[in-house]
Number of protein chains: 2
Amino acid sequence: MPDAQPNPDPLSIILNPRSIVVAGASSNPMKMGSIQTVNLMTSGYTGEILLIHPKGGKLFGRTAYTTPDDLPFAPDLAMLVTPSRVTVELLRGLGRLGVKQAVIISAGFKEVGGQGIEMERELVEIAQEYGIRFMGPNCLGIINPWIGLNLTVFPYRDRPGKLGLISQSGTYVAQLMPYLRERGIRYGTAISVGNAADIDLVDCLDYLGRDPHIGAIALYIEGIRRGREFVECARLVAQTKPIVALYVGGSQAGARSSLSHTGSLGGPDRLMDGLLEQAGILRAATLEELFGWSHALASMPVPRGKRMAILTHSGGPATSMADACEKAGLEVPVLSPALQEQIQPLIEPHASAKNPIDLTFTLEHSSFSKEIPRLLFPSEEIDGVLVHGLMDTGIITEIHPAFKNLVNIPIEMVKKAVELDLDTLIDLPHQTGKPMVASNFFREDHGAQTLRDHDIPLFATPEQAVGAMAALVRYGETRKRLASGERDETDGCLTQRPGYQDGATGMKAQLSGTLMDAPSDGNLEPTRERPVARVVFDSAQEAENLDTFTHGAPSGLPDRLPAGVLDEFSAKSLLARFGIPVCRERKVQSLDEAFLAAGEIGYPVVLKGLPQGVAHKSEAGLVQLHIRSDTDLERAWDRIEAAAPGCPRLVAEMLKGERELVVGMTRFPGFGPCVMVGIGGIFTEAIADATFRLAPVPWSEALRMPDSLRLGRLFEAHRGLPAVDRTLLAQTIQAVGRLALEHPEIAEIDINPLIVVEGTPIAADALVVVKPGL
Amino acid sequence: MPDAQPNPDPLSIILNPRSIVVAGASSNPMKMGSIQTVNLMTSGYTGEILLIHPKGGKLFGRTAYTTPDDLPFAPDLAMLVTPSRVTVELLRGLGRLGVKQAVIISAGFKEVGGQGIEMERELVEIAQEYGIRFMGPNCLGIINPWIGLNLTVFPYRDRPGKLGLISQSGTYVAQLMPYLRERGIRYGTAISVGNAADIDLVDCLDYLGRDPHIGAIALYIEGIRRGREFVECARLVAQTKPIVALYVGGSQAGARSSLSHTGSLGGPDRLMDGLLEQAGILRAATLEELFGWSHALASMPVPRGKRMAILTHSGGPATSMADACEKAGLEVPVLSPALQEQIQPLIEPHASAKNPIDLTFTLEHSSFSKEIPRLLFPSEEIDGVLVHGLMDTGIITEIHPAFKNLVNIPIEMVKKAVELDLDTLIDLPHQTGKPMVASNFFREDHGAQTLRDHDIPLFATPEQAVGAMAALVRYGETRKRLASGERDETDGCLTQRPGYQDGATGMKAQLSGTLMDAPSDGNLEPTRERPVARVVFDSAQEAENLDTFTHGAPSGLPDRLPAGVLDEFSAKSLLARFGIPVCRERKVQSLDEAFLAAGEIGYPVVLKGLPQGVAHKSEAGLVQLHIRSDTDLERAWDRIEAAAPGCPRLVAEMLKGERELVVGMTRFPGFGPCVMVGIGGIFTEAIADATFRLAPVPWSEALRMPDSLRLGRLFEAHRGLPAVDRTLLAQTIQAVGRLALEHPEIAEIDINPLIVVEGTPIAADALVVVKPGL
C-alpha cells in the first residue's frame, strides 16, 4: 500500500510530469480521448507516455496496458478520458499503484446531477485514501508549452509565451487557440479546472503566481467556492504579477431576497466587483478585454504614470485614441516645445507634433518606426506610447490589384523594398521601462507580424489598444496600493471592542470630545466643532461605563445575541460598543421620560416607535421628525401611540446633513461577512450604488471604498460642505467587519442612513438581523 | 457662361457619374493622386475617365489634357488631388466649362489655418458662382461599389453590400477596408466628407437615407456644424433605416465654463448623447461597435422583441452570451416544455435544451446547423437567435498537425467530408423575419466563411455578437418610438404663452386648482390632493391677470429681457408665464410686508435675499429655511440684512420633497437651444447626471428624457413616494424650450432645484441669464 500523503506541490508535477499514463484513447481517431492522446504524443512532450486500454494490444503504435496493475511503474500523472464509472475504478487502481496526480477529463459527474454527484464524491474519497491530487473531473485539460505538454483536443501551434490562463470553461482554453494565435497571444500555461472537485481556482492561482514563466494571469470565472482564500491569495500574487478576471456568473436577478438594503444590493455581480478590487484583480467585461489586457500585462513593462504619447499617421485614429484615453482616465499631455522642435523636422510641415503626433497620410514610415520613437520613449514627459497604423507590406498587398497591370515590378520585390526595420521600436519599451501598445487595421502585414512576433500587443482598433494601456496603468496603481496596503492593514483600527485584542496591549483613551459634550442649545445648525463619537476605550471597564447616557450601558446586550431583528436602540448600542458614531438618543417608556430625554439631548429631536418586527418604520408612521418643543413632542407621542399602542419609544437628536450613506454587512456562502458602503437614505435601492469588501477590511481598502462608487464624488467637499471624513468612515467600515467576525450569529447589518453631519458620518438608524439557532 | 444653378440632388450624380475628370495623377505611381487614379481606372467603373495634367501627353495610357479648357466636354464629376492653390484655379476653370460636381481630395485648406482658410473660402465662392456642389476639400474620396466607383487610395476588393458609411475621417473609409473584409462587412456606399466646405454630413445622411441600396448607415463624427438639421434629418431617416454613430469629438474637459449648472454639465459629449437619442441614432462607443452594429442592422431583419435563443456547443460561450444578454437588457427565456421536448432528441442526453441550448462538445454539427434552427426560428417564443461556435473545416485545420502522421487521408478530403450545408440556416432569418447573429473563434473555416459570404453577422467573441443583437433590438424600439413620436409632437403643449400660437385657436382654461387654493394651515406635510400650478390660460388677458398674488403680474417683465442675470423673482415670473409650476412666493420690501406675505402663504416659509448678481445664494447666507413663526421670520430678516443690507427679499413657501431635479437650457453653436433634465440640488455637479434635447422638444422625447439618466429610477414610485409626474415634467421641459425659442436673448436657464412635492415638480429656485447686446 503506497503512502497516502499527497505531494506538497501537486501542480508543479501535474504541469511538469516526467511520465503520463492515459486512459481513454481508442482505435477511433475522432473520439475525444484519441484526439487528446495523439495531441499529447505529437506536442513535443519528451516524457514517457503510457496507455491503458481494456483490450490491451497496440494503440497508435504503442503498447496498451489493460489495467493499472499492468503498468511497469507509477507515472507522475494520469489523464483519464473515460466513462464516469470506469474513471472511478481507474482512479482507484492508479491510486493503488502509487499514482499521485491526475487530470480527469471524463464528464458525467456533478455537472449532470444524480448519480454523477455520488461518483464525484467517490473520486474525492479515493483521492484522499491514496493521497492523490487531481484536476477536474469534466475539465478539458492543461497546456504547458514550455515542456510541450498539451492534454487538450487542439494542438498548441505557437512558441511558449508568458500568459497564464485558469478557466472554468474548457472552451476558453482549447477552442480559443485560433483566436489567440491571430492576436499573437501565447500561453505560458493554460489550465481548465472543470468541476474542481479537488484542485481548484485558488490552488492554480497560487501556483501560477509562483511560476517564473508566467508574466500575467487571466481568469475565467463562473463561480467561486473558496472566496476568502481566493481574495487572500490574489492579493498576494497581484503584488508582483498582474491578474485579470472575467466573471460572468452573477446576474443581479439572482440577488437574494433580504430584509436589509445591504442584502438586496448584494447580487453576486456587484459583490464580485468589490472583491476583485480588494483582491487587486482587474475586472474585464469581455473575452476581448480578458485576453487583450492580460496579453499586454504579460508582455509590457508596467508604466510609472498615465501620460501617453499617441503616434499615428491619420487624424481619425489619433482622435479615437485621445478620446478613449480621456474616457479611460489616461492623459495625453501636449509635448514640451523642446520635444516638439525635435519631432517637427521628422514629419510633414503641416503635421502635428503636439501629441497626438499625426504624421498625416504617408507611405514613408521610418520616422514613424524609428526616429520619433527614439525621441518619445526616453522622454520624461510620457509614461507610455500608443501607436496606430504602423505597417509596411500590407499597403502593397492592398493596392496590388490596382497596380499589377501598371507597375512591372513583382509584388514580392516591392514588399521587400518597403519592409520596415523595427528592431529599435521593439527594444525601446524594455530599454526604457515604458509600455507600447499598438493598433492596426492590417493583419496581413510584415510590420504587424513583426510586432506580434515580438510580443508588442497589437489590436484591431485604437480603442482596444487604449483599453489595454489603461489596464497597464491601473495595474501600476494597484501594485502600489497593495504594497502600501500590506504595511497598514490595521492602522485605522483605533476603536476595538474591549477584549478583542490581547489585553496586554492596553487601549489608549482618546476622547476627542464625547457625545456627552454636545451642545444642547436647540440650534439645529451643525458647526465644524461638533464633537463626534470618536470613542476609544482605555480599558474594558471604562468602555462599559462610558456612555450610560446613551449606548453601551452595562445593562446592554448579552454576548450571544438573541435571534431575530434587534430593536433600533439595541442595534445602535451594539454599534457604539464597536466605536461607531451613533446619534445621541435615549429609550423611554413614558412621555415624562421623553420630556426629560429631549431636555438632555436638546431640541430638535426625533421620536421613534419601536414595536417588534417592523423593518420600515417611516412608512408605518413610526418616525416623527423636526420636534422643536414639548408641545410638538406630546403631539408626536400621541401619533405613535395611535400607530402602535404601547410600543417602546426612542428620543433621538435630529441629525442634519445633506448626505446620507449606508454601511452594511451581509454574508455570502464561501466568502463570509462582506461589508458594504453605498449611497443611503430612502433611495438606496433606486440609486443602487454600493460596493463590498471582505471583512476584515484592510485599512487601505476601507479608506478607498467610496472611490468604487459611481457617485464617489459625493464624498468630496462640495459647495461649502466639507468632504466626508474618510478616516471616520473607514473606522466605521472596519468596525462593522469586526462586529460581524465576532458575532457569527449576525446575518445582516444595515446602518441607513449614516448621515454625514458636517463631514462626520453618524448612524441615525440601524438594523441588525440575528440568525436563528446558530 | 454656363447656368449657375446647381443640380438639385448633387450626391446622386457624385456617386453615379457618367464621366469623371481627374487632376492630380502623375507619372510617379506612388503619389496619392496617381494611386487614386489607377484605382479608379481599375475598379470596374464603366463611365468615361478624363485626365488633366499641366504637361499634357499620356498618363497610364490615356491622353492628359493640360487645362480644363481643353476638355472635350464637361464631365459629371471632377476629382482634384492637386496642391491647394492649383485646386482653386482648376475648380474655376472646371466651373467655366460647366462641371457641376467635384470631389476635392486636395489638402492644405481650412485644416492648416492661415492662407488655407482663405483658399477654402475661395472654393466656396467659385462653387456658388458656377453652381458647383462639391465634397471636401481634404477628403479621401468616395466609394460606390454598385457601379465600380472608387476614388480612394485602396481598391475595394469585395462585392457591393448594404452598409452606408459617412466619415469625417478618411482613414475610416479607406485604410479600414482590410478590417472590414475580414469581418464580411461590405460597403454599399462610403463617403469621406473631409472639411465639408460645401456638401456635409447632413447632406450625405439625407442622400443615403433615400438610397435603396443602403440598409443601414454608419457615421463617424468628430463635430457637427448644422446640429439642428442633423437631428431633424436623422429623425426622418431613422424611421425606416437604422443609423449608428461613433462620436469622438467631445471631451468633458472642453465643457464651457458657465454660470449655470446646465452649462457646466453640457460638455459636447453629454450633449451629443441626448441629441443622438433624440435623433433616433444608436450611439456606438468604439469602431468595433460602429461597424459591427451597422453591419448587423444592414443585413438582418429587425426583431419584434428581445427574447433570444442561444445555441452553442459549449458552456463557457453559453454563459458569456446569457450574461451579456442580461447586461444588455435582452431576455433569454426558458423554452416551453413542448419546444424542449422537440429539441432534446437532437442533442446529447445530458445536454440542455432549456436555453441556452448547449449541445456540449461535439464534432457532429448537423442538428446545430439545421434541425434545431428549424425549430427555433419559427417559434413564437423567441425573437432572435444567437449562435456561437458553428464551424466545420476549421477544426480539421486545427487538429491536422497532430493527425497528419497518423491518419492517412488527405486533409482536403477530410475537410470536404465535414463541410456543413448551411443553406437552411442562412435562409431562416429572412424567412421568419428574425435576426441571427453569430460568433466563432475560428476565422479560417468553411462554415464561418459561408456565414460571412451570406451576410450573417459573425463576430470574434460572444459578447460582440450579443452587442450587435442588442443594437438590432434597440433599433426596433427606436423605430416604434419615432413612428409614434411623429403623431404627437405637440400633444403635451397644454401651456403656451399667450400670443405664441395663432389667436384663433383659442386657449382652454383648465384650472385643476390653482396655487391660490393651496392650504395655508402651516402643515408642512404635503398631501396627494395638493393643488398644482397647472395653469392653462383661457385668454391672454386672463393669463396676465391670473396670478397677481405671485407671478405673472402685469407689472411683470418686458417682452425683450434686459441683459444680465434676472433676479430670482423675475426669473420665476417668466417661467410661470410659460406655465411652469413655481413655488408660491412674494417679493417684499419690508418686514411688515414679509409678515403679510407669510400669513398669506402660510408657515413654514423661506426668506431669501436677492442682491444683484449673486448666483449662489445659499453659500452667501441669503437663504433662510424652515421659518415657522413671525419670530423666526424677524430673526431671518435680520440675518439677511447683515449679509446684504437693504437687498430685496422673497418670502416663499417651504416646499417639501425628497427628490430635487434640475431642468435647464443652454445654447450650443449649430444646435441652438437645448433643454436639460437632470438630478438637481446642491450636488448637481457632483452627481453630473443630466440629459439634453434640442428645443422644441417633441412630446414623446420630453416624456422619456428621465429614462436617459443613470439615476432614472429616482423618477419611479419608491417606498411610499409617488412617481414623478412625467406629464407635468414634460410640460415643464417643453415650456423651457419654448421660452428659449421665443427669447433668443436668453443665454441660459436653470431651474434648480425643481422640487418634487408628492410627485409634482415645482420650481423652487431659478436662474435666467440674458445675453448682453442681442
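Me: Where is Met436(B) found?
Reply: Met436(B) sits in strand E18 of chain B, which covers residues 436-439. Keep in mind that this is a predicted model.

Me: Is Met436(B) buried or exposed?
Reply: Buried, with a relative accessibility of 0%.

Me: And what is Met436(B) in contact with, leaving aside neighbours within four places in sequence?
Reply: Quite a list: Met300(B), Phe377(B), Val385(B), Val387(B), Leu425(B), Pro429(B), Leu451(B), Ile456(B), Pro457(B) and Met469(B).

Me: What area do chain B and chain A bury between them?
Reply: About 7,900 Å², and 64% of that is on carbon and sulfur atoms. Each chain puts residues into the contact: 91 from chain B and 91 from chain A.

Me: Which residues in chain B lose the most area to chain A?
Reply: Glu398(B), Phe441(B) and Arg719(B), which together make up 10% of what that side buries.

Me: Arg719(B) has a phi worth checking, I think. What is it near?
Reply: Phi of Arg719(B) is near 45°, a positive value in a residue other than glycine. Arg719(B) lies in the loop between helix H24 (699-704) and helix H25 (726-742) of chain B. With a relative accessible area of 28%, Arg719(B) is partly exposed.

Me: What about the phi of Asn355(A)?
Reply: Phi of Asn355(A) is near 110°, again a positive value in a residue other than glycine. Asn355(A) is in the loop between helix H12 (337-343) and E16 of chain A. Asn355(A) counts as buried, because its relative accessibility is 7% and the cut-off for buried is under 20%.

Me: You mentioned E16 of chain A. What is the strand order in that open sheet?
Reply: The order is E16-E15-E17-E18-E19 in chain A, an open sheet of 5 strands with parallel pairing. Its edge strands are E16 (357-358) and E19 (458-459) of chain A, each pairing on one side only.

Me: How many bridges link E15 and E16(A)?
Reply: Strand E15 of chain A, residues 308-312, pairs with E16(A) in the parallel sense over 2 bridges. Leu311(A) stands opposite Ile357(A) in E16(A).

Me: Which strands does helix H13 of chain A touch?
Reply: Helix H13 (residues 366-376) packs on the sheet and touches E15, E16 and strand E17 (384-388) of chain A. The direction of H13 makes about 165° with that of E15(A).

Me: Switching to cis peptide bonds. What does the one at Pro696(A) look like?
Reply: A cis peptide bond joins Ala695(A) and Pro696(A), with omega about 0°. Pro696(A) is in the loop between strand E27 (690-694) and helix H24 (699-704) of chain A.

Me: And which residue is joined to Pro604(B) by a cis peptide bond?
Reply: Tyr603(B), with omega about -5°. Pro604(B) is in the loop between helix H21 (591-601) and strand E22 (605-609) of chain B.

Note on methods
Residues numbered from 1 in each chain as written. Chains lettered and ligands numbered in written order. Predicted model: local features only at pLDDT ≥ 70, side-chain atom pairs only at ≥ 80, totals over all residues. Heavy atoms only, no water. Pairing = 2+ DSSP bridges. Helix = DSSP H or I, 4+ residues; strand = E, 2+ residues; numbered from the N terminus. Contact = heavy atoms within 4.5 Å. Axes fitted to C-alpha atoms, helices over the stretch in contact; angles between N-to-C directions. Buried < 20%, exposed > 50% of the residue type's maximum accessible area, 1.4 Å probe, protein only. Buried area = accessible area lost by both parts, 1.4 Å probe.
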